[in-house]
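Here's a quick briefing to read alongside the model. Grab the viewer and follow the topics below.

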Amino acid sequence: RTVYVNGQYLPEDEAKVSIFDRGFLMADGVYEVTSVIGGKLVDFDGHATRLERSLSELDMGQPLTKDELLEVHRELVRLNEIDEGGVYLQITRGAPADRDFVFPPADTPQTVVLFTQSKPGLSAATPKPISVISIEDQRWGRRDIKTVQLLYPSLGKMMAKAAGADDAWMVEDGFVTEGTSNNAYIVKGRKIITRHLGNEILHGITRAAVLRFAREAQMEVEERNFTIDEAKEADEAFITSATMFVTPVVAIDGEQIGNGEGGGIAARLREIYIEESR
Ligand code: PDD
């Protein structure tokens with residue numbers, strides 16, 4: 001693979017960052033994942049806009065303009081011949097001379113890393129549905145910032161695997177926040193229910209697009225809290241993310257949802273989303 005590090009395109013085994021990088025020492029960095037369908041970036045502008053917000057919320061600079069970032073994304077997709085997959089982007093506060101809790105001077109060069117991931121078949125019409133378990137949400141309070149502090153989500157995923165499931169839905173004060181790396185939805189009757197935006201969840205770019213398409217298709221959408229008990233009684237459940245698009249959830253804590261095969265609303269939304277992304 002050819003990757004991008006601080007202005008250079010390099011073979012992946014020649015790319016290097018400092019051991020003093022604050023991304024490495026303190027998870028002091030933000031990231032984005034933009035999917036690629038048919039060689040085309042999906043919702044690049046949404047990801048670039050959220051990145052700007054993540055950087056500014058953490059008082060980090062914007063080392064590349066949106067246009068420059070788009071150029072690097074396109075170049076990596078071209079160099080690595082990505083048809084289906086994604087581009088991972090990470091920006092950290094850079095590498096000061098030593099480890100220190102205090103931020104380094106503002107003119108410390110930030111670290112910018114991008115690489116591609118090839119995932120043939122990503123945009124299949126019928127994905128494998130997933131099962132989830134519920135776990136307590138023990139992440140920090142600013143989940144609206146897309147930081148690289150992913151240890152708890154990673155532990156959550158391992159808890160799910162240990163329980164024979166695919167993923168975990170996290171619960172705070174009795175209400176579902178989101179999946180470990182995706183937004184969570186239920187369907188009751190024909191109404192789509194998903195948690196309202198706030199600091200408690202990531203404002204998914206796929207979420208925004210899917211809710212827009214749902215409303216355009218005259219589907220009813222309600223942005224509100226829901227509990228695991230309500231989810232278990234739902235007619236359908238699904239998740240959205242740049243890497244999973246719309247994927248049905250067919251079991252929660254071992255209880256089957258709907259017919260256990262994924263529902264019609266999730267299938268229709270996935271179809272629209274992929275159509276619109278081509
Ligand atoms: N994760 N919620 C969380 C906690 C996430 O990490 C993600 C994305 C989402 C969905 O956001 P979007 O639709 O913008 O991808 C929601 C990425 C894909 C990841 O960590 O790989």
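**Hairpins, a sheet and a ligand shell**

Val171 has Val176 of strand E9 as its bridge partner. That pair belongs to a predicted model, so treat what follows as a tour of a prediction. We'll start with this hairpin, move to the open sheet, then look at the ligand and a couple of individual residues.

**The E8–E9 hairpin**

- Strand E8 (residues 167–172) and E9 run antiparallel to one another, joined over three bridges.
- Two residues sit between E8 and E9 in this hairpin, and Asp173 in the turn takes a positive phi of about 50°.
- Strand E9 (residues 175–179) is mostly covered, with four of its five residues buried.

**The six-stranded sheet**

- Six strands make an open sheet in the order E2-E1-E6-E5-E3-E4, and the pairing is antiparallel.
- The edges belong to strand E2 (8–11) and strand E4 (40–41); each has a single partner strand, so one side of each has no neighbour in the sheet.
- Helix H2 (residues 44–57) packs on this sheet and touches strand E3 (29–37), E4 and strand E5 (85–92). The direction of H2 makes about 180° with that of E3.

- Strand E1 (residues 2–5) pairs with E2 in the antiparallel sense, over four bridges.
- The hairpin formed by E1 and E2 has two residues between the strands, and Asn6 in the turn shows a positive phi of about 45°.

**Around the ligand**

- The ligand is surrounded by 14 residues, and the closest are Leu202, Gly204, Ile205, Thr206 and Ala242.
- By type, the shell around the ligand splits into eight polar, four nonpolar and two charged residues.
- Helix H5 (205–216) and strand E13 (236–241) each give at least two residues to that shell, and H5 has the largest share, with three residues.

**Helix H5 itself**

- How does the length of H5 check out? Its 12 residues should span 16 Å at 1.5 Å a residue, and the end C-alpha atoms are 17 Å apart, which agrees.
- The buried residues of H5 are Ile205, Thr206, Arg207, Ala209, Val210, Leu211 and Ala214.
- After H5 comes Gln218, with a positive phi near 65°.

- Leu122 lies in the loop between strand E6 (111–118) and strand E7 (130–136).
- Is Leu122 buried or partly exposed? It counts as partly exposed, because it has 19 C-beta neighbours inside 10 Å, and a buried residue needs 20 or more.
- Not counting residues up to four places away in sequence, Leu122 touches Ser35, Ile37, Glu84 and Gly85. Leu122 and Gly85 are 37 residues apart in sequence, yet their C-alpha atoms are 6.5 Å apart in space.
- Lys188 lies in strand E10 (residues 183–188) and counts as partly exposed, with 16 C-beta neighbours inside 10 Å.
- Leaving aside neighbours within four places in sequence, Lys188 is in contact with Ile193, Ala234 and Asp235. Lys188 and Glu230 are 42 residues apart along the chain, with 9.3 Å between their C-alpha atoms.

Note on methods:
Residues numbered from 1 in each chain as written. Predicted model: local features only at pLDDT ≥ 70, side-chain atom pairs only at ≥ 80, totals over all residues. Near = placed C-beta within 6 Å. Nonpolar A, V, L, I, M, F, W, Y, C, P; charged D, E, K, R; others polar. Pairing = 2+ DSSP bridges. Contact = placed C-beta atoms within 7 Å. Axes fitted to C-alpha atoms, helices over the stretch in contact; angles between N-to-C directions. Expected span 1.5 Å × (residues − 1). Buried ≥ 20, exposed ≤ 12 C-beta atoms within 10 Å, placed from the backbone.
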